[in-house]
Amino acid sequence: MREGQATAIHRADYTAPAYWIDTVELTFDLDPAKTRVLNKMRLRRNTEVAAQALRLDGEELNLARVLVNGQGTSFKMDGNQLVLENLPEGPDAFDLEIFTTCNPAKNTKLMGLYVSNDSFFTQCEAEGFRRITYFLDRPDVMASYTVTLRADKAKYPVLLSNGNLVEQGELEEGRHFAKWVDPHKKPCYLFALVAGKLVAREQRIRSRAGHDHLLQVFVRPGDLDKTEHAMNSLMASVAWDEARFGLPLDLERFMIVATSDFNMGAMENKGLNIFNTKYVLANQATATDADFSNIESVVGHEYFHNWTGNRVTCQDWFQLSLKEGLTVFRDQEFSQDLAGSPSARAVKRIEDVRVLRTAQFPEDAGPMAHPVRPDSYIEINNFYTVTIYEKGAEVVRMMQTLVGREGFAKGMKLYFERHDGQAVTCDAFAQAIADANPGSELAQRLPQFKHWYSQAGTPRVQAIGRYDAEAHTYTLTLSQHCAPTPGQALKEPFVIPLNLGLLDTQGRELPLQLAHWPQAETGTRTFVLSQPSETLTFINVDSAPVPSLLRDFSAPVVLDYAYSDDELLTLLAHDSDAFNRWEAGQRLALARAIKAITAAEAPGTEVLDDAYLRAMRQVLADPHLDAAFKELVLTLPSETYLAEQLDVVDPQRIHAVREAMREQLARALQADWQQAWEVNRDTGGYRPDPESSGKRALAGLALTMLCLAARHSGDTVWPGKALQRFKDAGNMTDRFNALSALVISGHELAVPALARFHALFKNEALVIDKWFSLQAGAPDRGGNVLGAVRQLMGHPDFNLRNPNRARSVIFSYCSANPGAFHRSDAAGYVFWADRVIELDAINPQVAARLARALDRWKKLAEPYRSAAREAIARVASKAELSNDVREVVTRALAD
Ligand code: BES
Ligand code: ZN
């Protein structure tokens with residue numbers, strides 16, 4: 001922070017490092033206020049680049065000593081870099097020894113070495129290692145690490161680092177030590193250490209190949225009863241990567257450690273993953289189904305990085321999606337494979353697409369829009385984005401669609417044959433997938449396909465269908481367009497795989513036959529749109545078809561097709577593609593919402609028509625549909641998604657219309673909700689599997705709807721039932737859903753229920769986060785939420801320094817509650833600016849994420865727009881601002 005040299009780094013400026021670091025021996029004397037770090041490295045010049053000084057990165061370090069080959073040496077400081085100019089000439093290796101100290105207890109940024117709950121943790125990605133010692137802090141410098149930890153034995157009985165424990169023992173004055181050797185070379189961002197009072201759940205496993213491994217999940221004493229699910233997820237991850245991609249665990253020991261102070265979700269340090277407690281700790285009493293499923297995917301994600309990220313890493317941080325996009329794709333596939341049934345797979349796909357469309361599409365249309373492989377950045381921490389992650393995963397998914405599942409596995413194999421142990425680029429990955437599949441659409445169009453890496457923005461695909469009854473032909477004209485994004489005015493056409501099928505008006509799948517095909521084929525076909533516009537002509541079509549386009553969301557695009565209600569009702573009722581059935585329901589709801597939002601008159605209570613309500617009733621009653629799928633169909637598009645469909649956004653109006661739709665759906669389907677509640681309310685003994693969690697989700701939605709309907713009629717039966725369920729629920733999902741139903745419907749029983757919930761769980765930090773977040777995210781009624789949020793910040797349990805707690809109150813309000821945040825009196829924005837500034841002094845990464853809550857201010861209607869600009873400008877006018885926040889607000893204000 002406050003270094004102030006906010007200069008942009010450009011991808012085109014990449015040069016290889018001037019030195020290699022072959023080995024690193026680190027010795028830590030751990031002490032909260034003053035930790036001493038001895039760093040002995042063996043370096044050599046990279047003879048492929050011009051001879052030059054060695055420039056080592058360092059941040060907030062106290063430098064005590066520098067020795068070259070055991071001798072004192074001259075050095076200078078240039079900003080944050082330690083510069084050594086008089087190093088031995090020639091290609092021979094030499095020793096460099098650096099001794100520094102740092103202050104982990106004062107490290108509120110949670111980057112580098114820090115203290116949390118009296119234990120030590122590290123976070124080095126992306127550039128945190130330089131806060132531990134002077135180093136070439138860049139991912140293409142890979143070294144072998146030996147780490148010795150020394151600390152007070154009573155306070156820090158457990159001492160962990162990457163790799164294998166080779167020695168441990170006692171020292172004087174109650175101290176002890178442990179020595180770890182990592183058998184794999186790694187970039188410094190994968191370094192980790194942990195020291196503290198921790199206990200572990202342990203599991204020994206034997207791999208398919210017959211190797212034995214020890215798996216450990218470390219937590220604070222008292223949390224062991226919440227580690228079973230994480231351990232099961234880890235075992236499933238190991239088995240899956242071997243089975244699906246032939247990638248084994250390459251370590252004798254694999255450790256996961258949980259910490260309650262963590263900026264992100266989790267980190268893939270080699271053999272020593274460090275996790276936010278939120279993504280480790282779960283039992284049925286404290287965690288919801290969503291928590292269980294997040295734990296499964298995050299444990300999988302970090303484990304899968306062991307190959308995609310660690311064995312093959314990134315050449316530079318512009319290539320971040322090489323590991324993140326690919327690993328998100330892998331964790332999505334893992335969760336789908338574990339889910340099993342086609343319906344459960346579709347549910348997972350819908351959830352993933354919902355994230356993409358409500359978070360990534362807005363990013364791609366806003367001031368922070370950037371390509372999956374960015375060309376420049378000021379602060380790399382700002383580029384751990386939904387574009388790098390979620391869109392990056394979609395790009396990998398499109399490759400799989402273009403080469404097939406088997407072809408993709410072959411491509412992965414070739415990627416590791418070529419690049420194991422290297423630091424590479426996104427190009428290397430795409431090239432390997434293409435080369436393993438010569439003749440595929442990907443191989444044929446690789447340079448054009450790579451526009452997905454270089455061009456920002458969400459392409460729109462327009463489809464126009466025309467049926468010729470006489471000729472029995474159906475022509476589908478597909479065209480693509482991508483709007484300009486900051487710095488990229490013109491876009492080249494993308495390669496867009498479009499999965500499609502045709503239905504007849506009864507909803508039966510029609511055989512597909514293009515003019516040049518010898519025979520018809522039934523089912524989904526993938527067409528590759530690569531031109532600005534292309535026309536497909538289907539022959540032997542006996543009646544006007546309903547096109548089912550972009551099945552399974554085969555490309556990250558917006559699809560425009562002027563569907564009639566009848567066509568959408570057909571798709572909703574009959575499409576063989578579950579994703580498009582859901583999508584049809586969303587389109588029906590969206591059309592009605594947009595009409596009411598943009599109407600001249602104020603929104604009434606009757607936004608939904610009989611046709612829509614009848615269709616929803618049918619879905620709810622359909623015995624062939626899974627509960628999880630019903631819950632998704634019956635959930636209206638979010639306020640954020642609705643806002644993205646509009647050029648000018650009045651958040652209050654959107655909120656009012658969506659609330660009106662929800663209440664109407666609640667009232668009109670009252671009997672059906674009651675039925676859904678009765679059928680799904682009891683799921684027996686708790687298991688977080690897709691089927692029973694789907695039932696709990698639908699029962700929860702039904703309960704909320706019944707309480708909303710009761711709010712209208714004044715009936716007290718359903719709020720009473722919700723309170724009863726809240727009290728006697730056997731698991732957190734049911735309990736929290738019941739509490740939410742009371743809070744969302746604004747019933748007075750919410751007040752005692754919230755108090756009771758807090759009292760029950762006052763010692764469970766993750767549950768208290770839910771308690772805060774539910775209140776800060778509650779529907780606004782007469783502007784009450786901001787006052788509640790201010791009160792919550794004064795609660796004794798509130799702590800701005802703990803990222804989970806800060807997120808549970810401030811982000812739940814500013815980023816996840818648009819109807820309450822966007823106030824005509826601008827008080828929400830004033831609150832936001834104050835919190836951004838306040839947080840920036842503590843933790844710039846968290847502050848910069850909050851700063852992005854107003855990314856889309858330019859779309860706002862007055863008076864919101866001017867008030868938002870003023871709030872952003874107030875933040876930007878601060879002289880003392882981190883690079884993180886400065887980059888976000890500067891981009892937001894740019895023309
Ligand atoms: N490598 C990241 C963690 C990370 C992100 C470290 C940014 C430093 C800066 C890790 O693999 C990751 O992606 N974690 C995600 C969760 C994941 C399931 C998408 C996270 O922390 O949000
Ligand atoms: Zn990751």
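**Entry 1: the core**

I started with the largest nonpolar core, where F429, F538, L665, W673 and W832 touch the most other members among its 294 residues. A nonpolar core here is a set of buried Ala, Val, Leu, Ile, Met, Phe, Trp, Tyr and Cys residues joined through side-chain atoms within 4.5 Å. Buried stands for under 20% relative accessible area, exposed for over 50%, and partly exposed for what lies in between, with a 1.4 Å probe and protein chains only. I noted that helix α5 (residues 386-419) gives this core its largest share, 14 residues. Helices (H or I, at least four residues) and strands (E, at least two) are DSSP runs, numbered from the N terminus.

Before going on, I wrote down the ground rules. This is a predicted model, in which local features need pLDDT of at least 70 and side-chain atom pairs count only at pLDDT 80 or more, while totals for chains, interfaces and linings use all residues; side-chain values use heavy atoms, with hydrogens and water left out. Residues are numbered from 1 along each chain as its sequence is written, with chains lettered from A and ligands numbered from 1 in the order in which they are written.

Leaving aside neighbours within four places in sequence, W832 is in contact (heavy atoms within 4.5 Å) with C814, F821, L850, A851, A853, L854, A871, I872 and V875.

**Entry 2: helix α26**

Is helix α26 enclosed or open? Seven of the eight residues of α26 (residues 844-851) are buried, so the helix is largely enclosed by the rest of the structure.

**Entry 3: two partners of α11**

Next I looked at helix pairs. Axes are lines fitted to C-alpha atoms, for helices over the stretch in contact, and angles run from 0 to 180 degrees between N-to-C directions.

Helix α4 (residues 342-364) packs on helix α11 (residues 578-598) at an angle of about 50°, with axes 9 Å apart. The two are therefore oblique to each other: angles under 35 degrees count as roughly parallel, over 145 as roughly antiparallel, 65 to 115 as roughly perpendicular, and the rest as oblique. Their crossing is right-handed; that is, the near helix is turned clockwise from the far one by less than a right angle, and anticlockwise makes it left-handed. On the α4 side I listed A346, R349, I350, V353, R354 and R357, which meet A578, F579, W582 and E583 of α11. That contact has six nonpolar, no polar and four charged residues. For these classes, Ala, Val, Leu, Ile, Met, Phe, Trp, Tyr, Cys and Pro are nonpolar, Asp, Glu, Lys and Arg charged, and the others, Gly among them, polar.

I then turned to helix α10 (residues 565-574), whose axis comes within 7 Å of that of α11 and crosses it at roughly 145°. This crossing is left-handed. D565, L568, L569, L571, L572, A573 and H574 of α10 make the contact with R581, A584, G585, R587, L588 and R592 of α11. By class I get seven nonpolar, two polar and four charged residues.

D152 sits in strand β12 (residues 142-152) and, at 23% relative accessibility, counts as partly exposed. Which residues does D152 touch beyond four places in sequence? I found G174, R175 and H176. G174 is 22 residues away in sequence, yet its C-alpha lies 5.8 Å from that of D152.

L446 belongs to helix α8 (residues 446-449) and is buried, at 6% relative accessibility. Its contacts beyond four places are A430, Q431 and A434. I also noted V495, 49 residues along the chain from L446, with 9.0 Å between the C-alpha atoms.

I checked omega and found a cis peptide bond between E125 and A126, at about -5°. A126 is in the loop between β11 (119-123) and β12. Another cis bond joins E862 to P863, with omega about 5°; P863 lies in the loop between α26 and α27 (864-876).

Finally, I looked up positive phi. N117, not a glycine, has phi of about 50°; this residue is in the loop between β10 (112-116) and β11 and is partly exposed at 38%. N540, also not a glycine, has phi of about 55°; its loop runs between β31 (533-538) and β32 (546-549), and at 53% N540 counts as exposed.
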